[in-house]
Amino acid sequence: MLDALRGVRWPARHPVPPGSPGAHRSRRLGAAVEFTEYRPYRYGDDPRRLDWKLLARTDRAYIRLTDDHAVLPTTILIDASASMAYPTATLDKWRLAVSLAIGFAAVAQASGDPVGLHVMSGDQVMHEVPRTTRRGIGSAVASALGAMTPGEPRRGARPRTQPLTGRLVFIGDFLQGPDVMVPPRGEAYALHVVAREELDPPRKALLVSDPEDDTFRRPLLRETRSAYLDAFGAWRSALRMAWRAAGAEYRLVTTDDRADRVIRSVVRM
Amino acid sequence: VTFLAPWYLVAAGALAASVVVLHYLVMRQPPRDILPTVRFIPQHPAIVRTWNRRPDHLLVLALRTAALLLIGAAFARPVWHRHRVRVAHIVLADRSRAVNRATEVGDSVRHVETGSRDVVIPFDSTPSRDSSLTRQSSRGDISAALIAGLRAASHAESVAESVEVVLVSPAVGDEIDAATDSIRALWPGAIRLVPVTAHRDSAPTAGHLTLIWPDTSHPRASLDTTSAVVASNTVVVAPFARRWGVDTAQSTVVARWVDGEPAAIEQQASTGCTRRVVVPVSTAGDLTVRPEFIHFSRLMHGACGAMASRRGGEWSTDTTRPARVRSRRAGLDGGDVMAWLVAGAIALLVAELVVRRTQTP
């Protein structure tokens, strides 16, 4: 998958806040070599940015403005709740989520952005891999997630303390959250992972239970199947509208999709 | 087995099949599984009808279905057919003194016998249990042989579709008595007579006939009246006053009164025979002009021995009677079978109740 994503870059959708020099256009006009415009000198401006030649010719003091470029810190939040361990035999949802996390981390790192990994489990967000620009973030993410089993309590991880900023990538089924969240002056991506079996459940009669709560059981019968499909479809539509209304990019991903194609389509949104 | 009302059996089979289906059909919770999106399934009773591939209480099921099938079979009125031969022959083989050669009787019997169910009854004065056809010195009695034959034919009806009675005999006069025709009439079919050569002492002899009519040599002690006289196949009905009797010693009865008492005898002589008739003939009335009396008179005037022998065709030319009698017993009594089947069904239902109470906690 990483070979398939080689050369893919992930530009920011909007000018990024000022920060460390990076590949994304910043909101701040700085002193880079790429000229943008002149602005009359105001008190307090850095005199080193005066265009002395223009001042000598016209006796007017102008400041030379250029576009600034900054990095866009990227945080990947992956849902590790018990509902991601489905189907129980193959764990397709979790495997696809892990592949997406590794792929997005690799693409963001290739763009020069610092990438970090958080794991969501219920209401908690655990700090797994700190943001870094070092190469090999894909391996670090794979290593962190490979040792993890959805639904099991995470040991040794620190709860998130700092507010989430920059680019947030939510990967999960959103059945246990989180709430729609777009950081201020940042951007968010919501990748809704759904198993094929959830979209088209088996037609034989089953008494299904919630992996998060085994006591919550409902019969999946011929009489209830169509109502289930309607309710699940309505919930997906509401979720999509909520994320998009908040300014996030929403993408439904099924376990039949290939992770590299999903990533390519998302970064070009 | 033949069912007279097979639709009851079909209905019972359908009912038993439905019982089996209901036994395999169970209401239970469906198999469990996990679905993360279970919250979108509406509330609904978690009971479904499913097929139980490994049903419990198979003994109860077997008892129920067997009881239903037995009830259906009972109301279907089964008739049980035994393995029966097509024709059983009841062969009455004469071995009395009237027979000329026993080997001829044996050949005739073997010619008649065709199956394992055939019964050969040798007879002389009485029917014999042994199978020997050796000629005996005693007088033959066809009446006794017929009674034994009818009894054997009654038994043969259960093992054969038809029964044919065959008489291998010269059927000379001294073998036939007044009861012979009555006994013979008890058999609804024709009796096939296979004639064999009569011994010369019994065969009709040509010669001079001395007819003594009326023979008044043996007057009766008291006057008696009777209503008819029988000779061969001729019956003369009239008010007869019996004044005389006959001495049957060394003679053959050729006519009898209706109560069986001899009315005419025939005694062999070296040159012919003497026939003594004690039937009074009144000149009053029309007796002498009635056809049956004229026939009776001709019989009395017939040749020696003619009255004492019956020709074979005389037994079997009665076209109103079938040559073979079809067995009246088609099978076991349907009522008995039905009762047994219903009893069996009740027993099975009781057993089902006991087993169900034993197995059900």
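Q: Where does A:D46 lie in chain A?
A: A:D46 lies in the loop between β1 (21-40) and α1 (52-58) of chain A, where helices (H or I, at least four residues) and strands (E, at least two) are DSSP runs numbered from the N terminus. This is a predicted model, in which local features need pLDDT of at least 70 and side-chain atom pairs count only at pLDDT 80 or more, while totals for chains, interfaces and linings use all residues. Residues are numbered from 1 along each chain as its sequence is written, chains are lettered from A and ligands numbered from 1 in the order in which they are written, and side-chain values use heavy atoms, with hydrogens and water left out.

Q: Is A:D46 buried, exposed or partly exposed, then, and what is the relative accessible area?
A: A:D46 is partly exposed, with a relative accessible area of 27%; buried means under 20%, exposed over 50% and partly exposed in between, with a 1.4 Å probe and protein chains only.

Q: What separates the C-alpha atoms of A:D46 and A:I63?
A: Their C-alpha atoms are separated by 8.5 Å, and the two residues are 17 residues apart along the chain.

Q: Switching to helices: at what angle do α2 and α3 of chain A pack?
A: Helix α2 (residues 92-110) of chain A and helix α3 (residues 137-146) of chain A pack at an angle of about 155°, with their axes 8 Å apart. That makes α2(A) roughly antiparallel to α3(A), a label for angles over 145 degrees.

Q: Which residues make that contact?
A: From α2(A) the contact takes A:W94, A:V98, A:A101, A:I102, A:A105 and A:Q109, and from α3(A) it takes A:I137, A:G138, A:V141, A:A142 and A:L145, contact meaning heavy atoms within 4.5 Å. By class, there are nine nonpolar, two polar and no charged residues, with Ala, Val, Leu, Ile, Met, Phe, Trp, Tyr, Cys and Pro counted as nonpolar, Asp, Glu, Lys and Arg as charged, and the others, Gly among them, as polar.

Q: And how are A:W235 and B:F40 arranged as an aromatic pair?
A: The pair is tilted, at 5.2 Å centre to centre and 45° between the planes; rings of Phe, Tyr and Trp (its six-membered ring) pair if their centres lie within 6.5 Å, with planes under 30 degrees apart stacked, over 60 edge-to-face and the rest tilted. A:W235 lies in helix α5 (residues 222-245) of chain A and B:F40 in the loop between β3 (32-34) and β4 (48-51) of chain B, so the pair joins two chains.

Q: Is B:F40 buried or exposed?
A: B:F40 counts as buried, at 11% relative accessibility.

Note on methods: Axes are lines fitted to C-alpha atoms, for helices over the stretch in contact, and angles run from 0 to 180 degrees between N-to-C directions. Angles under 35 degrees count as roughly parallel, over 145 as roughly antiparallel, 65 to 115 as roughly perpendicular and the rest as oblique.
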